[in-house]
Amino acid sequence: MSYITSIKRRKAIYVTIIPMPKRLRPHVNPLSITKEYSFEGFNNNNSIIVDVGACKGEFTAELLEKFPEKNFVLFEIRIPLADKLRKKFENNKNVVVFDGDGGRNFESILRPSVEKGIKLETVFVNFPDPWFKEKHKKRRFITPKFLEKSAEWITADTEFVFQTDQKFLFEETLETVGNSLFSNIEFFKEPPFGIRTDWEQAKIKEGDEIFRMKFKLHCLNNICKMRRGV
Ligand SMILES: C[S@@+](CC[C@H](N)C(=O)[O-])C[C@H]1O[C@@H](n2cnc3c(N)ncnc32)[C@H](O)[C@@H]1O
């Protein structure tokens, strides 16, 4: 009897000391990650597509299939995911992955290419972390400061695509964008190129509505086009 009990006890102890797999943190405060990167660009003159918060890279993979000649820059703040993305795209020379905060590194990674005349075609901000609390708004990707800084170097042919299932975030971002130099805004209904991201697919299953807009620099009488040499 005591033997059985001791086996049971040993089993119980054994179970508790098995190392648990590390869980992926659901949210990382981008302002706490200060890593900085630089990137001189790709070895070709083809246009660049950016996926901010690329997660598992399914969206990029489908885009890559449709546009194999284009270049892709992926930002993913969670290091385990960024490592998996690097592995996933290791045979694609036209895909680069950066961990760290996409907002902090956006200009240093992309401006050198834009200054060489490479087209920064689309920046996808798909289902970004909403950061609900007022005091956390600075952690969002699209902020007044980000747009103000980006307007200094981004050309009028770059399109930002913003998609979310959070109505309040959509409305607040719309206000931020509308008050910036990127006030050339269009709403749209269907997912870009018919590709639904993983997050969107999950939200649609839950019956959620999806909100989408795209925006560019607003040019008055082509003045910004001329000023930026587009
Ligand atoms: C809600 S998920 C959406 C993932 C994917 N875009 C989709 O639509 O399926 C947000 C993703 O953005 C990443 N992320 C959040 N803040 C980021 C930042 N500042 N820079 C880069 N990635 C970020 C998260 O780690 C997460 O993978």
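Predicted model: local features only at pLDDT ≥ 70, side-chain atom pairs only at ≥ 80, totals over all residues.
Which of the 21 residues around the ligand come nearest? Residues are numbered from 1 along each chain as its sequence is written.

**View A. The shell of 21 residues around the ligand.** Pro 30, Gly 53, Gly 102, Thr 197 and Trp 199 come nearest; a residue is near a molecule if its C-beta atom, placed from the backbone, lies within 6 Å of it. Helix H4 (102-115) and helix H7 (198-205) are the elements that give two or more residues to this shell, and H7 gives the most, with 3 residues. Helices (H or I, at least four residues) and strands (E, at least two) are DSSP runs, numbered from the N terminus. By class, the shell has 10 nonpolar, 5 polar and 6 charged residues, where Ala, Val, Leu, Ile, Met, Phe, Trp, Tyr, Cys and Pro count as nonpolar, Asp, Glu, Lys and Arg as charged, and the others, Gly among them, as polar.

**View B. Asn 29 in the loop between helix H1 (2-17) and strand E1 (48-52).** Asn 29 is partly exposed because 14 other C-beta atoms lie within 10 Å (buried: 20 or more; exposed: 12 or fewer; partly exposed: in between; C-beta atoms are placed from the backbone). A C-alpha separation of 9.9 Å relates Asn 29 to Lys 138, 109 residues apart along the chain.

**View C. Lys 88 in helix H3 (residues 79-88).** Lys 88 has 18 C-beta neighbours inside 10 Å and therefore counts as partly exposed.
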